[in-house]
Amino acid sequence: MSIFITKDTTFIIQGITGREAVNLTRENLDYGAKIVGGVTPGRRGRDVYGVPVYDSVKQIAEAHGTPDGSIVSVPPRFTRDAVFEALENGIKLIVVVTENIPRGQVAQMVELAELRGARIIGPNCLGIISPDEAKMGGMGGPAANTRQAYTKGPIGVMSRSGGMTTEIASTLTAAGLGQSTCVSIGGDAIVGTTYAELMPYFEADSETKAIAIYSEPGGRMEAELAEWVKVNDSRLPIVAFMAGRFMDEMKGMRFGHAGTIVEGKEDTTSEKIERMEAAGISVAERIEEIPDLLRKRMAEAN
Amino acid sequence: MRFYEYESKALFRRHGMPLGEGHVVNSNAEARAAAEAIGGPVVIKSQVLSGGRMKAGAVQFADTPDEAAEKYDFVLPIEVGGEKARSVLIEAKSPVAHEYFVSVTWDGRRKLPVLLFSDMGGIDIEEVAETHPEHLSRTHFSTILPISERIAKEAISSVGVSGGDLNRLVPIVYKLMQVFLQYDLTLAEINPVAKLEDGSFIVLDGHVDLEAEARGEHKKLLVELGIGEDETRLARPPTEFELEGARLNAVDHRGVAGNVVEFDGNLGLIIGAGGGSLTLFDAVRKHGGKPANYCEIGGNPSVGKACNLTKLILGKPGVEKIAVMMNVVSNTRVDIVARGVIKGCLEAGKDPSKVITIFRIPGAWEDEGFKILEKYGVEYCDRSVSMYEAAGRAVAKL
């Protein structure tokens, strides 16, 4: 099983003729994705690796029926409108890969998505992959590289860093632990879907037996996750890796993702680790400890 | 990026919020003239970005122009949180009857703006939140439905403020919400907004933070407020090394290679972007290594960009060796980075096999990359060596 996407999920790419989107199209098609169309205003009638290009989402919906999802890969200035276009045409799953969108605009996208009963992953993310099913986004890069890092199995992965999602999956794969679904949620201060919001999906997925997360300083996402785990008495053991511990000593400096600005005590890595451990989440010191910790926790859960 | 108090107030004034007479001054003579113009008791406030001015003694009062000049000289040299005054603000001292707190910021969990209001203003609001939670209201509001005075009214009245005070506060709070949304702020705060003895209301102190990503969209405002393009307003001003990193990033649009932060260690780092760099920086330190810099490279930079970045880091005094490390990459080509860093070493007049302690970038085009590294005798590894181990090998070579 998987969450969000399967072999049969149809999706489109908004901004498909852009340089990065062209690569995404190739990589996703090679991994088996069912991409039914792409949008670039003014480019109707062209194609990208055989995927027909349209001027609007509406045209695609008329020609092929409403697709299940959309990858939005357009410049920051146009991203909000592109997401609104997808939502107003009935698309229920939107992966926003674009970065550097002011959070006011992200909040608007998320609010409309909630009103329309849709889900946004990202922005500033690499999307979703369910190994051997499909991927939707840039996770893992070219299909051959993706197959090397990601394999099918029992571990759900969620991460604020796209690159670290692949690193963790690769480490799990090398240790013989495959993944059910991996979600790169994005590193911004406001994201469409948080760790805690992903939990019910993993919880309901019979294939997922445990979760690995990559975490960073900044934001309240770990606090929210810890609370969720406690309140819902989650069946899933969770192992977290916390990066950026050095930032506890460097208040106010800005590193990495926009969300990693240490703004207060509750955002420090030590505070987050404490909170997660109190909720029964194991925190690994190093990436390579994650597989053993997961195995141990899964054995305890049985 | 944070605005000084006088800049925040200039923004508030444009939106019709009530403010007393005030002058930004840069000498004791100007301070005296400002106090004369105001013609009564004044407040002398150091303009710094960090909080805690009052405790540091950088806010003073004066009854006469001469005293104002004296207090200017007293306030100016005081460092607040290690920060020197940009200038000094002289304002009319108002007879305050009561102080309120109002702030708008983002709630990342609810993904909505949140309006905070308290009738216990003028003091540390975190303390109020802990000790008198019933005196602090939290009101979320929509970013797509039109905002209105109703929201302000609910926020204010829910801590028990009523009558004429409620009706006079509503427009001030509503305008702060508008300013917050209109300028892509991450924080808009007035503490305190004061009720004066005559029953009128006035903004006594306030500050705003503009979202860095939205800076380009508000260029006009920044020019009008006199905020320079080179003002980063970070915790400390950028060093020449950091500015050079930004410059060489700007000449080539391909990939990222310039978000550099300088430290005083001896190991130069070229360590990927985002999460991977946080992980590797931790790993180097855990092995006892002393990073000379934090550096992001990613998004498939060109050979030229990787080369220039390598030269910049190797050129930094005290840097003996560099480590080139990333997590498993998706869209960055390993061979291009390898070519770039080797070219950078050679152009800096160094032997790549001696100055590159380790090259750990697994992923796309790695076989091609490894061939190049082999040719120059550079130690490299694939994904079977963890990020932590790779950092250890780098530190061991120093």
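# Getting to know chains A and B

Q: How far apart in helix α8 of chain B are B:K220 and B:E224, counted in helical turns?
A: Helix α8 of chain B covers residues 219-224 (helices are DSSP runs of H or I with at least four residues, strands are runs of E with at least two, and both are numbered from the N terminus). B:K220 and B:E224 sit four residues apart in that helix, so what separates them is about one helical turn.

Q: What kind of model are we looking at?
A: Some housekeeping: residues are numbered from 1 along each chain as its sequence is written, chains are lettered from A and ligands numbered from 1 in the order in which they are written, and side-chain values use heavy atoms, leaving out hydrogens and water. Local features need pLDDT of at least 70, side-chain atom pairs count only at pLDDT 80 or more, and totals for chains, interfaces and linings use all residues, as this is a predicted model.

Q: At what N to O distance do B:K220 and B:E224 meet?
A: Side chains of opposite charge can pair when their charged atoms come close. B:K220 is exposed, with a relative accessible area of 63%, while B:E224 is partly exposed at 41% (buried means under 20% relative accessible area, exposed over 50%, partly exposed in between, with a 1.4 Å probe and protein chains only). Their side chains form a salt bridge (a side-chain nitrogen of Lys or Arg within 4 Å of a carboxyl oxygen of Asp or Glu), and the N to O distance is 3.6 Å.

Q: How many residues apart in sequence are the parts that B:D209 and B:R2 tie together?
A: These two side chains also meet in a salt bridge, at 3.3 Å from N to O. B:D209 lies in strand β10 (residues 206-210) of chain B and B:R2 in the segment before α1 (5-14), so the distance in sequence between the tied parts is 207 residues.

Q: Is B:D209 buried or exposed?
A: B:R2, its salt-bridge partner, has a relative accessible area of 26%, so B:R2 counts as partly exposed. B:D209 has 14% relative accessibility, so B:D209 counts as buried.

Q: How many salt bridges link chain B and chain A?
A: Over all chains the count is 41 salt bridges. One that joins the two chains is between A:E197 and B:K111, with the closest N and O atoms 2.5 Å apart. Between chain B and chain A the count is six.

Q: About how much area is buried between chain B and chain A?
A: The contact (heavy atoms within 4.5 Å) takes 42 residues from chain B and 64 from chain A. In chain B, the residues that lose the most area to chain A are B:R109, B:K111 and B:L278, together 19% of what that side buries. Buried area is the accessible area (1.4 Å probe) that two parts lose on being put together, summed over both. Carbon and sulfur atoms give 56% of the total here, which is about 4100 Å².

Q: Which element of chain B gives the most residues to the side that touches chain A?
A: Across this interface there are 20 residue pairs in polar contact, both at pLDDT 80 or more (a pair of N or O atoms within 3.5 Å; within protein, one must be able to donate a hydrogen and the other to accept it, and residues adjacent in sequence count only if both atoms are side-chain atoms). On the chain B side, α10 (275-286), β13 (293-298) and α15 (387-396) each supply at least two residues. With eight residues, the element that gives the most is α10(B).

Q: What is the radius of gyration of chain A?
A: Chain A has ten helices and 14 strands, and 64% of its 302 residues count as buried. The radius of gyration is taken over C-alpha atoms, and the globule rule is 2.2 Å times the number of residues to the power 0.38. For 302 residues a compact globule would come out near 19 Å, which agrees with the value for chain A, 19 Å.

Q: Which residue's backbone nitrogen does the side chain of A:S184 reach?
A: A:S184 lies in strand β11 (residues 179-184) of chain A and is buried, with a relative accessible area of 0%. Beyond its neighbours within four places in sequence, A:S184 touches residues including A:I121, A:M139 and A:T165. At 2.8 Å, its side chain reaches the backbone nitrogen of A:L126.
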